[in-house]
Amino acid sequence: MRKALLRLEDVGPGGFYESEESLWKLRVIADFLSSSGVPFHVAMIPRFVNPKTGYDRSIGDRRDPLVQKFISTMRHLQNRGGSLGMHGYRHQYGQAVSGDGFEFAYGDCTADCPPDDDPAAYQERGAFEQAYASERMRQGFLAVFASGLQVDWFEAPHYTASPVQRRVLEGWTGLFFENDPHSSEMHHVVTHDTDSPLYRGAVYVPTPLFYLDASKPEQELKRMCRAIKGFKDDEIAGFFYHPYLEFPYIRKVGERVVYDEGSYLKRLVKCFQQQKYEFVPLLSLVSLVPSMRQTGFFPGAEVLTGDVNGDGISELLVREPLSGTWQAASGSLETFPCRQSAPFTARVIGERLGPGRAMVGDVNGDGRDDLVLWDAVAGTFSVALSDGDSWQKPTVWLTGLARGEAWEPHLADWNGDGRKDLALWNKRTGDWLLAASDGGKFSPAYDGAAGRTGTDWVAGFGDVDGDGRDELVLWHPATGTWKVGACTGTRLRIGSKPWLQKWAVEAGWQLLLGDFDGDGKDDLLVVNPERGDWQIARSTGSRFLPEQAVLRPWAAEPGMVPLVGTWSRDGRAGVCARHPLLRGGTVDFAVSVVGKASGKTKAGR
């Protein structure tokens, strides 16, 4: 499929869009694009100023009647398939008018020149916070948050910033809708795995066709239609367009809206569609977007994820190796695409809880995750229940089962009663044992093996069909075959038909599961830590479909530990890359946007 991207450029609460008529015409354009099956994007300037006339309006001032109409129009555009992005903050400096002026430093400036920042701004927290570029980004995001609108990406005005300020901008957001400033690549999505003290990585989505120049529109239209003939099938035909150029072609005749077929935008869309291009949302081209970084985070400690307090947001659960103390670090990634979230703050949730292999899950069905410790020598499983604030003193729930390192323990609600049970796999024999939780103990569910699988498979558990029970997911790395099994009574039954084949074939991958699209079904995540390669296959309930969009390279390091958790309330799992020794212990997060382009979430289905 040949893919195209369309962005409506320089739309703000002023200039060409400060009248009710212009906002109405903007809605008409959105209606046309929607009816034509064209997802589109809107580069929104949060604050529009004209110093020469004293005009100054911000989308954050919701008391202003014009701002109210502008916000309502932006919501209309979103409802018609438009994705909003933050296009700078004011898109100007000095006496320049928003949309015309530059906002960040550039070498050829002769008038109204924005200041540059000190190189320390992308290396030291204090300098970063005080930088000019940071202040512009901060004010832009604050205006967006105050407006109640959701933006999905960022675009630097005129694609311009000094090398220092570019690093500052990347410290604020991990997804850019502009040509990659670090290379000559202009036709593909590019990920830079930048390892900065303040952030890790950034993704750029290009517009190689640039825009239709209003001074020579016919020539420009022919240029674009000719250029896309030479694009390869895997290259992105992205461009941006100033929607005010359509206004002369839109009028009302009585109660009827007339939108002339000869408009430049209509002709451009027709040209692309005639050449078999499909317009796609930017968010369909990415899967995981780099978000916040936190350094100085418990170097060398063991880190798991879970929801100890039952608020629906995962915590980072840290076991300090020497003291045996457990801490829970709480945070949120709700400010996406702004990656400057508040740091995760830790509290002690347990002391001297004992050694053993640690697993986390809700074993008594109260909505809070508990701690299960497995003593492999004795085959003992001890449980420290959560009281919502901390883990209580552990008590033995089962002993004498699954002795020895040949066993691999899993927590899984395989009977669908809301409590995590035990599923124990002997990697030498392939035998499975099951033990059910009744809220106070684990009881073996079958006298003998509950099933047997080949020992050259990798196992995981998740609710991949959305029925409220965890299924067994089996992966055969040598062939890339994926199968799913379920518990029937007290037996594990493995389906004969693979859910996916020839995916994640080779050594080096690690398997995790999580609901990355927010549809209530767990999906697959495979990670190659050394390459920093993160790939997702979504569950349909009967098969796994790999996402074409992948995140790579990101957080690449041989000792990187991948984690999955839910750090926002949109129903999507996100990922965390744990670097135990880097910069005094580092955690890097990435937010999932899988399925977001179609609006399918638990909250919005």
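Guide: Let's begin with burial. Buried means under 20% relative accessible area, exposed means over 50%, and partly exposed is in between, with a 1.4 Å probe and protein chains only. This is a predicted model, where local features need pLDDT of at least 70 and side-chain atom pairs count only at pLDDT 80 or more, while totals for chains, interfaces and linings use all residues. Residues are numbered from 1 along each chain as its sequence is written, and side-chain values use heavy atoms, with hydrogens and water left out.

Visitor: Why does Thr345 count as exposed?

Guide: Thr345 has 52% relative accessibility, and the label needs over 50%, so Thr345 is exposed.

Visitor: Where is Thr345 found?

Guide: In strand β18, residues 345–350. Helices (H or I, at least four residues) and strands (E, at least two) are DSSP runs, numbered from the N terminus.

Visitor: What is Thr345 in contact with, leaving aside its neighbours within four places in sequence?

Guide: Ala328, Ala329 and Ser330. Contact means heavy atoms within 4.5 Å.

Visitor: On to the cysteines. What makes Cys109 and Cys113 a disulfide?

Guide: Their sulfur atoms are 2.1 Å apart, and a disulfide is a pair of cysteine sulfur atoms within 2.5 Å, so the pair passes. The link of Cys109 and Cys113 is left-handed, with -105 degrees about the S-S bond.

Visitor: Are Cys109 and Cys113 buried, exposed or partly exposed?

Guide: They get separate labels: Cys109, at 15%, is buried, and Cys113, at 34%, is partly exposed.

Visitor: How do you know that Cys225 and Cys271 belong together?

Guide: By the same rule: their sulfur atoms are 2.2 Å apart, which is within 2.5 Å. This pair links distant parts of the chain, with Cys225 in helix α6 (residues 217–227) and Cys271 in helix α7 (residues 264–274), 46 residues apart. Both Cys225 and Cys271 are buried. The count comes to 2 disulfides, and with the bonded cysteines numbered in sequence order the pairing is 1-2, 3-4.

Visitor: Which residues of α6 are buried, and why can you put them on the same side?

Guide: The buried ones are Pro217, Glu220, Leu221, Met224 and Cys225. They cover an arc of only 130 degrees around the axis, which puts them on the same side of α6; the arc is that of the directions from the helix axis to the C-beta atoms. As background, an α-helix has 3.6 residues a turn, so residues three or four places apart point the same way. On the other side of α6, Gln219, Lys222 and Arg226 are exposed. The cover over the buried residues includes β10 (236–241) and α7.

Visitor: What do the buried residues of α7 pack against?

Guide: Against β1 (2–11), α1 (20–35), α6, β10, β12 (256–259) and β13 (277–279). Among those buried residues are Tyr264, Leu268 and Cys271. After α7 comes Lys276, whose phi is positive, near 65 degrees.

Visitor: Last one. Which residues line the largest cavity?

Guide: Leu333, Trp567, Ser568, Asp570, Arg572, Ala573, Gly574, Ala590, Val591 and Ser592. Strand β38 (residues 586–592) gives the most to that lining, with 3 residues.

Methods:
On a 1 Å grid over the protein atoms alone, a cavity is a set of points where a 1.4 Å probe fits but cannot get out, and a pocket is an open set with protein on both sides within 12 Å along at least five of seven lines; lining residues have an atom within 4 Å of a point.
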